Amino acid sequence: MTRLLLVGGGHAHVHVLAALAANRLAATEVVLLSPYSRQIYSGMLPGWIAGRYAIEECALSLDALTRRAGVRFVESSCTGLDLAAQQARCSNGDLIQFDYASIDSGPAARPLESVDCAGQVLPVRPIEGLVAAWPGLLQRVRQSGGEFRLAIVGDGAAATELAFAIHARLVAEGLGQARLTLIGGNSTLLAGFPFLLRRQAARLLAGRGIAHRAGRVVVAVHQDHVQLDDGSQLAADAALLATGAAAPAWPAASGLAADAGGFIRVGPTLQSLSHPFVFAAGDVAAYADARPKSGVFAVRAGPPLAANLRAICTGQALQPWRPQRRALYLLSTGDGHALAAWGGFSASGAWAWRWKDRIDRRFMAQFGA
Ligand SMILES: Cc1cc2nc3c(=O)[nH]c(=O)nc-3n(C[C@H](O)[C@H](O)[C@H](O)COP(=O)(O)OP(=O)(O)OC[C@H]3O[C@@H](n4cnc5c(N)ncnc54)[C@H](O)[C@@H]3O)c2cc1C
C-alpha cells in the first residue's frame, strides 16, 4: 500500500481532498496532517472582523472533508521531515512514514526583532490564533471606552483590509474614536497594486482617520508603544502583525531545496527540485515561474496538484503547470464596498463587494461549508 501524506489543509489541499472524495485512489492510504480540524478562509476573515460573517461561515471542516475523501486525519503539526527515512515528525511526537508527501502549510508570521510584552502582540498567523485573540482585543477597546491605540504592522493587502475591517467594527460599536495606525516598510501603501487603487485606498484611510506611517519598520513592541527603526516611538496599546508571508523554518531545515526566503523550490509539476517525492503548493512554495504569495495562486494550484499526486501514486506521467500571470484582487473596505484590481486596472464600488462576497461564498460551498 502506498502512503501519501498531505501536510496542511491549505487552499490547494482542500481541492485535493475534494478530488479524492469524488474519485478515491486505489491502493493508497492518504493522511492529512493539520494542527486544526478546520481551515479558516482568510479571504473572509476581514468580513468576520467587520461583523459581516459568523466564524462558521468562514470555516471549512477538515474533519468532514477527510471523512468524505476516505483520508485519515491526524490533528498535529509537522515539525520536520526526515527525507532519507521518508518520515514526518509531528508536534505530538508521532512519526509518519510516507512514500509521497505534499506540503500546503501556508506562510508563517514574520517575527519582530524584539517583543517585551507578548500580550500586546496579535500575529495574523496562525489565523486560528487571531480568531482566538480578536474577541479579547475588542473587549479591551470596549473597556477603554474607545480611548485605544492600535498599531497595525504591515502595509500590504491583508494589513489594509484588516485596518478597514477593524475600523468598520469599532464604528459600528460606537468606538470610532479609537486610533488606528498602519505602519509599513514600503514607501507606499499596497505596493505592487495599480496607482489609482493605491490612491483611493489612501484617501479612504485618511477619510476615516486611519493614520499611515510609510517607510518605517516596527522593530519592537513594548507595554504602551512600538519602536520604529529610526528610533522613534508610537504610542500603542496593542500591535497587530500583518507583515506578509515568511517561510516556516522546518522545510529548509529538513533539507528541501529552498529559495533565499526559505520557501520550497518546486518545478512545473510542483515537485521539490531536490526531492521529487515531495510536492509543495501555495504560499510555502517557490514556483518555477515566481508569483506573489496569494490565496488566488494557492487555489489555482489545487487542480494540477491533485492531478499530479494521483499520477505519481498510480505510475502515470505528471503534467507541468504554469500559474496564470495575473490574478483578480478584491479588497473589502469594511463598508459594503471593495476595491478591485486586475493587472494595471482598478475600480471600486458596492458591486465589487457583492462580487467578492459571491466568489468567497461559492468557494466555500464547493467544499461543503
Ligand atoms: C486577513 C487576510 C486576508 C487575505 N485575503 C486574501 C484575499 O482576499 N485574496 C487572496 O488571494 N489572498 C488573501 N490573503 C492571503 C492568503 O491568506 C494566503 O495567500 C493563503 O492563505 C495561502 O494559502 P495556503 O494554502 O498557502 O496556506 P493557508 O491558507 O495558510 O493554509 C495552510 C494550512 O496549513 C496548516 N499548517 C500550518 N503549519 C502547519 C504545519 N507545520 N503542519 C501541518 N499543517 C500546518 C494551517 O493550519 C492551515 O490550515 C489574505 C491573508 C490575510 C492574512
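Let me begin with contact, by which I mean heavy atoms within 4.5 Å. With that in hand, and not counting residues up to four places away in sequence, R142 touches R169, E173 and L175. Before I go further, the provenance: this is a predicted model, in which local features need pLDDT of at least 70 and side-chain atom pairs count only at pLDDT 80 or more, while totals for chains, interfaces and linings use all residues. Residues are numbered from 1 along each chain as its sequence is written, and side-chain values use heavy atoms, with hydrogens and water left out.

R142 itself is found in helix α4, residues 127-143, where helices (H or I, at least four residues) and strands (E, at least two) are DSSP runs numbered from the N terminus. Is R142 buried, exposed or partly exposed? For these words, buried means under 20% relative accessible area, exposed over 50%, and partly exposed in between, using a 1.4 Å probe and protein chains only. R142, at 34% relative accessibility, counts as partly exposed. Its C-alpha atom is separated by 16 Å from that of Q120, which is 22 residues apart from R142 along the chain.

H13, by contrast, is a buried residue, with a relative accessible area of 0%, and it is found in helix α1. Leaving out residues up to four places away in sequence, H13 touches L6, V7, G8, S102, I103, D104 and L305.

After α3 comes G70, whose phi is positive, near 70°.

A word on the cysteines, where a disulfide is a pair of cysteine sulfur atoms within 2.5 Å. By this rule the count comes to 0 disulfides. C90 is in no disulfide, and the nearest cysteine sulfur, that of C78, is 6.5 Å away. C90 counts as buried at 6% relative accessibility, and C58 is buried too, with a relative accessible area of 0%.

Now to the domains, whose bounds come from an automatic or database domain assignment. That assignment gives domain 1 as 2-108 + 246-313 and domain 2 as 114-244. Taken over C-alpha atoms, their centres are separated by 29 Å, and the contact takes 14 residues from domain 1 and 14 residues from domain 2. How much area is buried between domain 1 and domain 2? Buried area here is the accessible area (1.4 Å probe) that two parts lose on being put together, summed over both. The value is about 1,400 Å², of which carbon and sulfur atoms give 72%. On the domain 1 side, P46, W48 and I49 lose the most area to domain 2, together 39% of what that side buries.

Next, a sheet, with the rule that two strands pair if DSSP finds at least two bridges between them. An open sheet of 5 strands has the order β11-β18-β12-β13-β14, with parallel pairing. At its edges stand β11 (121-123) and β14 (211-213), each with a single partner strand, so one side of each is left without a neighbour in the sheet. Axes are lines fitted to C-alpha atoms, for helices over the stretch in contact, and angles run from 0 to 180 degrees between N-to-C directions. With direction ignored, neighbouring strands of this sheet are turned by 20° against each other on average. Strands β12 (residues 149-153) and β13 (residues 179-183) run parallel and are joined by 5 bridges, with R149 standing opposite R179 in β13. Helix α5, residues 157-172, lies across β12, β13 and β18 (238-241), and runs at about 180° to β13.

Finally, strand β23 (residues 338-342) is mostly covered, with 4 of its 5 residues buried. β23 is joined by 5 bridges to β22 (residues 328-332), and these two run antiparallel; L331 stands opposite L339 in β23. In their hairpin, with 5 residues between the strands, G334 takes a positive phi near 80°. β23 also pairs with β24 (residues 345-349) in the antiparallel sense over 5 bridges, and the hairpin these two form has 2 residues between them, with G343 in the turn at a positive phi of about 55°.
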